[in-house]
Amino acid sequence: MAKLQTEDEIMKRWVSEWHLKNIILVTLIGIITGLIFWIMDPIYTAVTAVLTPLGLAPFAGSILLGFWTMAGPLALLVVRIPGSGLLAELLGSVVEMLLGGIWGASTLISGLIQGVSSELGFAVTGYKNYGWLSVTLTSITTTVITFGYQLIRQDYAGFSVGLIATLFVVALVSVFIFSGVLSLLIARMLERAHLLEK
């Protein structure tokens, strides 16, 4: 019974944190990053076209992965409420899809996977750390889960172990730089500008 009360208290506290300002912030992050996702679609196509004659086409996704996974960490660093990363990533994928993204409705599946994986990095610290530790952890969880999904979806099974490992490392660096470092810098810039004060 005590456990149920504790869960109920956690749920009440979580709901109480969703003020209008936080809802607006997550929505804005989702819309802005959704536009970025959509802009990255033709860039991905162009990078793939450049790398294909070199036999390196799979690297296009790994190089640019960090751009498509930045909504979750950015929302979590700015809003600091469990679930905000998932919501922002899903909203971003909806925006990308509605704007005519190249992956259509499957974008929503990617958004869900990327949102959940970004939440896991912050969940490891109990949503109590919003610095380099969580940025590093969320970069790892996001890369592992998202890359695992790509491994299945894009049929990397026929690739050599060395190529798969290289693709993973490139993806991890991309996610760490764009989803991690860039998101943290943006969040800190907003804090210094006093735009995130309660």
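The buried residues of helix α4 pack against α2, α5 (84-98), α6 (106-123), α7 (132-153) and α8 (161-192). Helices are DSSP runs of H or I with at least four residues, numbered from the N terminus. Contact means heavy atoms within 4.5 Å. The model is predicted: local features need pLDDT of at least 70, side-chain atom pairs count only at pLDDT 80 or more, and totals for chains, interfaces and linings use all residues. Residues are numbered from 1 along each chain as its sequence is written, and side-chain values use heavy atoms, with hydrogens and water left out.

Helix α4 spans residues 71-79 and is mostly covered, with nine of its nine residues buried. Buried means under 20% relative accessible area, exposed means over 50%, and partly exposed lies in between (1.4 Å probe, protein chains only). Among the buried residues of α4 are Ala71, Pro73, Leu74 and Val79. Arg80 follows α4, and its phi is positive, near 60°.

Thr33 counts as buried because its relative accessibility is 2%. Beyond its neighbours within four places in sequence, Thr33 is in contact with Met70, Ala71, Leu74 and Gly92. Of these, Ala71 and Leu74 are among the buried residues of α4. The side chain of Thr33 also reaches the backbone oxygen of Ile29 at 2.6 Å. Glu89 is 56 residues from Thr33 in sequence, yet their C-alpha atoms are 8.2 Å apart in space.

Asp41 lies in α2 as well, a helix covering residues 20-51. Asp41 is buried but has no salt bridge. A salt bridge is a side-chain nitrogen of Lys or Arg within 4 Å of a carboxyl oxygen of Asp or Glu. The nearest side chain of opposite charge belongs to Arg153, 9.7 Å away. For charge, Lys and Arg count as positive and Asp and Glu as negative, while His and the chain ends are not counted. The side chain of Asp41 instead reaches the backbone nitrogen of Ile102, at 3.2 Å. Ile102 is also one of its contacts outside four places in sequence, along with Trp68, Glu96, Gly101 and Trp103.

The UniProt record, an unreviewed entry, places "transmembrane region" at residues 20-39, 59-79, 86-110, 130-149 and 161-187. These positions use the numbering given here, feature names are shortened, and annotations may be inferred rather than shown by experiment. Residues 20-39 are 100% helix and 0% strand, and their end C-alpha atoms lie 29 Å apart. Residues 86-110 are 72% helix and 0% strand, with end C-alpha atoms 11 Å apart. Strands are DSSP runs of E with at least two residues.

Methods: A polar contact is a pair of N or O atoms within 3.5 Å; within protein, one must be able to donate a hydrogen and the other to accept it, and residues adjacent in sequence count only if both atoms are side-chain atoms.
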